[in-house]
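Dear colleague,

My findings follow directly after it.

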Amino acid sequence: MDYYDPYFKVGDFVKCSYDRFPYLYDWYEELADSEYITYYGVVVYVDMTHHEYLDDYIYEVLCLDGEKRYFMESELIRM
């Protein structure tokens with residue numbers, strides 16, 4: 001498999017959503033029937049380790065609500 005550089009860089013403003021791979025996340029009962037939440041934020045850290053089992057980079061995003069959340073590259077869209 002060929003390795004590639006991360007698409008997003010620290011400081012990029014992104015739109016984030018967990019809806020691509022919902023089975024990876026532990027949802028609480030009250031969120032089970034609700035729509036997936038879309039977050040907006042700034043990339044503050046890129047895990048440069050390429051995880052073979054994920055085939056994606058992991059990003060730490062400081063969301064506009066002040067919380068830091070983790071997303072895979074395929075869950076982000078540059079704004």
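Of the 79 residues of the chain, 34% are buried, meaning under 20% relative accessible area with a 1.4 Å probe and protein chains only. The model is predicted, so local features need pLDDT of at least 70 and side-chain atom pairs count only at pLDDT 80 or more, while totals for chains, interfaces and linings use all residues. Residues are numbered from 1 along each chain as its sequence is written, and side-chain values use heavy atoms, with hydrogens and water left out.

The chain contains 0 helices and 5 strands, taken as DSSP runs (helices H or I, at least four residues; strands E, at least two) numbered from the N terminus. Among contacts (heavy atoms within 4.5 Å) between residues at least 6 apart in sequence, 55% join residues at least 24 apart.

Phenylalanine 8 lies in the segment before strand E1 (13–17) and is buried because its relative accessibility is 3%. Leaving aside residues up to four places away in sequence, phenylalanine 8 touches Val14, Val43, Val46, Tyr59, Glu73, Leu76, Ile77 and Arg78. The C-alpha atoms of phenylalanine 8 and valine 46 are 8.1 Å apart, although 38 residues separate the two along the chain.

The count of disulfides (pairs of cysteine sulfur atoms within 2.5 Å) is 0. The sulfur of cysteine 16 has its closest cysteine sulfur, that of cysteine 63, at 5.2 Å, which is too far for a bond. Cysteine 16 is buried, at a relative accessible area of 1%, and cysteine 63 also counts as buried, at 4% relative accessibility.

With kind regards

Terms used
Buried means under 20% relative accessible area, exposed over 50%, partly exposed in between (1.4 Å probe, protein chains only).
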